[in-house]
Amino acid sequence: MWERWIADIRNCAGDALLITGDISEGDDVVFELRRLVETLDQEIYFVLGNHDFYQSSIGLTRQRVIGLCREDPRLHFLTDSQPIEISSNVYLVGDDGWGDATQGDYCGSPVRLNDFQLIEDFRTAAPEKWQEMLRYQGQASAERLAQKLFDIPMGTAQVLVLTHVPPFRESCWYQGHTTDDWWAPFFVCGAIGDVLKRFAEARPETKLTTLCGHTHHAGMATMAANHTVYTGAATYGEPTVEATVTTVGGTLQLAIV
């Protein structure tokens, strides 16, 4: 499957690779990223997903990934990056995001993700602390992303945002439908949605395109005249090229996996 995936990436002839998280798991995500950058010629821009922290902690995984990116300038961990002008008047930003328990009915939901047992931060905390921790992670991501977005020059033609967790209920897809109140707390990052809404309203001249994943099912949501959210699909053990995006002016083609 790895060899087929690499062949698909090469065949699509993208100028860069975008990864919206869930690359692997915490014990080998650095290994997988290193293997990608050693195999491919493209620049690789990515965020991390919840699976990337399994068997590890959030802080330690990010620390290891940041260290790897310092070794190879073609690897760009967007959570740790300032806005990147990837082509003329087109910027790329991103942050991991988190299902932040701000949407839906957390207290009434019977849903409990594997995250709570497989990510050290949650496994070692009392369950009554989990909701507060989810909100903290979402808010921290939103604050980092807001700073990046509003540092982008006025009049920018297009901004691409990478995040793992869908930022709106309308972009949280499963089998052709959007989320209900039980799943929304864990599959929507409301804090990032608020930031994106504010940016789209403040910059009507800028085309805002958000790319996310997490739900394993594809869908598109138009959140404003200048803002579209694309949610990518995924199947365990079968990595694919989800889509390609050509930036404004047709100057750059990006492969999304």
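**View 1. Buried residues of helix α6.** Trp130, Leu134, Gln137, Gly138, Ala140, Ser141, Ala142, Leu145, Ala146, Lys148 and Leu149 are the buried residues of α6 (buried: under 20% relative accessible area, with a 1.4 Å probe and protein chains only). The helix covers residues 130-151 and spans 32 Å from first to last C-alpha, close to the expected 32 Å (1.5 Å times one less than its number of residues). Helices (H or I, at least four residues) and strands (E, at least two) are DSSP runs numbered from the N terminus. The model is predicted: local features need pLDDT of at least 70 and side-chain atom pairs 80 or more, while totals for chains, interfaces and linings use all residues. Residues are numbered from 1 along each chain, and side-chain values use heavy atoms, without hydrogens and water.

**View 2. The open six-stranded sheet.** The strand order is β4-β5-β6-β9-β11-β10, with mixed pairing (a pair needs at least two DSSP bridges). Because β4 (84-87) and β10 (219-224) each have a single partner strand, one side of each edge strand lacks a neighbour in the sheet. The twist averages 25° from one strand to the next (axes are lines fitted to C-alpha atoms, for helices over the stretch in contact, and angles run from 0 to 180 degrees between N-to-C directions).

**View 3. Strands β4 and β5.** Three bridges join β4 to β5 (residues 90-94) in the antiparallel sense. Glu85 faces Tyr91 of β5.

**View 4. Helices on the sheet.** Helix α6 touches β5 and β6 (158-162), its direction making about 170° with that of β5 (contact: heavy atoms within 4.5 Å). Helix α8 (residues 190-202) lies across β6, β9 (207-212) and β11 (227-231), at about 160° to β9.

Conventions
Buried means under 20% relative accessible area, exposed over 50%, partly exposed in between (1.4 Å probe, protein chains only).
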